[in-house]
Amino acid sequence: DKSARVTPAHIRAMKGERPIVSLTAYTTPMARLIDRHCDVVLVGDSVGMVLHGLPDTLGVSLEMMCLHGAAVARGLERALLVVDMPFGSYEEGPAHAFRNAARIMAETGAGAVKLEGGRQMAETIAFLVARGIPVMAHVGLTPQSVHVFGGYRVQGRGADRARVLDDARAVAEAGAFAVVLEKLPASLADEITAAVEIPTIGIGASAGCDGQILVTEDMLGLFTDFRPKFVRRFAELGAAAEAAIAEYAEEVRARRFPGPEHVYADTPQEAGR
Ligand code: KIV
Ligand code: NA
């Protein structure tokens, strides 16, 4: 039922009403698990690090985002699908960004795109929104700028606070329907949440944000290369998967797998199938 779909307008209207729940997904089966529990499913460019083993998000291509976006779309019935614009696909200017955002929307069926940046991306955000592409903004720690920041440090502390607040104000004024706040002091996330009319979605931000997002593999314990302070592990699926793999290896080496129930008889009757 198309009318049951969450839209950017719905998300915008949730501010001050109830918390917005979001997670990332890169595949159809994960999208299916998440769909009925979350309002927003983000195909993050974190896919490059989490699924493709890249050292950062700079090597993620438009093709990767379109393939994973289309896979996630097949697993969703209700949640709003948002797809990240990868590094290099939008920064040159509004027309460049529109061309690539339109391709993402067409190839994935996403309801919105997300891009990183504050005041310097405001013109591009306004350009996309005016031409039919809803935009989720992302300020604070923007991982595509890791080389400029010199690492994944907390943003907006001390004299940097005014810069991040101004970035959030600029993307809201430009017409973004929501803004991700990543890795900021909680007091700054709360100040931004009070200052802007659009919902703030926190990751390493504050419980006072209008919503929260985490990388699903982080909160499930499936991605364990590193663990920021803001990640709460709601499960240890990586450890559970490795225990299962170890048991399989042991059973094969001991010739206990496959068992009689996993092999086929000469005729279907004998085995009942
Ligand atoms: O790429 C990503 O997963 C993200 C979220 C963590 C906000 O941008
Ligand atoms: Na991202």
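Two residues are taken to be in contact if their C-beta atoms, placed from the backbone, lie within 7 Å. In this predicted model, what covers the buried residues of helix α9 includes α8, β6 and β7 (200-203). The buried residues of α9 (residues 186-195) are Leu-188, Ala-189, Ile-192 and Thr-193. Seen down the axis of α9, these buried residues fall within an arc of 140°, so they line one face of the helix. An α-helix has 3.6 residues a turn, so residues three or four places apart point the same way. The face of α9 turned away from the buried side carries the exposed residues Ser-187, Ala-194 and Ala-195.

The largest nonpolar core has 72 residues. Helix α8 (residues 161-174) contributes the largest share of this core, 6 residues. The residues with the most contacts inside the core are Val-41, Val-113, Val-171, Ala-176 and Val-179. Apart from its neighbours within four places in sequence, Val-113 is in contact with Val-82, Val-83, Met-85, Ala-101, Ile-104, Ile-133 and Val-135. In soluble globular proteins, nonpolar side chains tend to be buried together.

An unreviewed UniProt entry lists Glu-182 under "active site". Glu-182 is found in strand β6 (residues 178-182). This residue counts as buried because it has 23 C-beta neighbours inside 10 Å, the cut-off for a buried residue being 20 or more. When residues up to four places away in sequence are not counted, Glu-182 touches His-138, Gly-140, Leu-141, Ile-203, Gly-204 and Ala-205.

Under "binding site", the unreviewed UniProt entry lists Asp-45, Asp-84 and Glu-116. Although spread over 72 residues of sequence, these positions cluster in space, with a largest C-alpha distance of 10.8 Å. Asp-45 lies in the loop between β2 (40-43) and α3 (47-50). With 29 other C-beta atoms within 10 Å, Asp-45 is buried. Leaving aside neighbours within four places in sequence, the contacts of Asp-45 are Thr-57, Val-60, Met-65, Asp-84 and Pro-86. Glu-116 is placed in strand β4 (residues 112-116) and is likewise buried, with 23 other C-beta atoms within 10 Å. Beyond four places in sequence, Glu-116 is in contact with His-138, Thr-142 and Gln-144.

The residues around ligand 1 are Thr-24, Leu-42, Gly-44, Asp-45, Ser-46, Asp-84, Val-180, Ile-203, Ile-213 and Val-215. By class, this shell has 5 nonpolar, 3 polar and 2 charged residues.

Notes:
Residues numbered from 1 in each chain as written. Chains lettered and ligands numbered in written order. Predicted model: local features only at pLDDT ≥ 70, side-chain atom pairs only at ≥ 80, totals over all residues. Near = placed C-beta within 6 Å. Nonpolar A, V, L, I, M, F, W, Y, C, P; charged D, E, K, R; others polar. Core = buried A, V, L, I, M, F, W, Y, C linked by C-beta atoms within 7 Å. Buried ≥ 20, exposed ≤ 12 C-beta atoms within 10 Å, placed from the backbone. Helix = DSSP H or I, 4+ residues; strand = E, 2+ residues; numbered from the N terminus. UniProt positions renumbered as here; feature names shortened; annotations may be inferred. Arc of directions from axis to C-beta.
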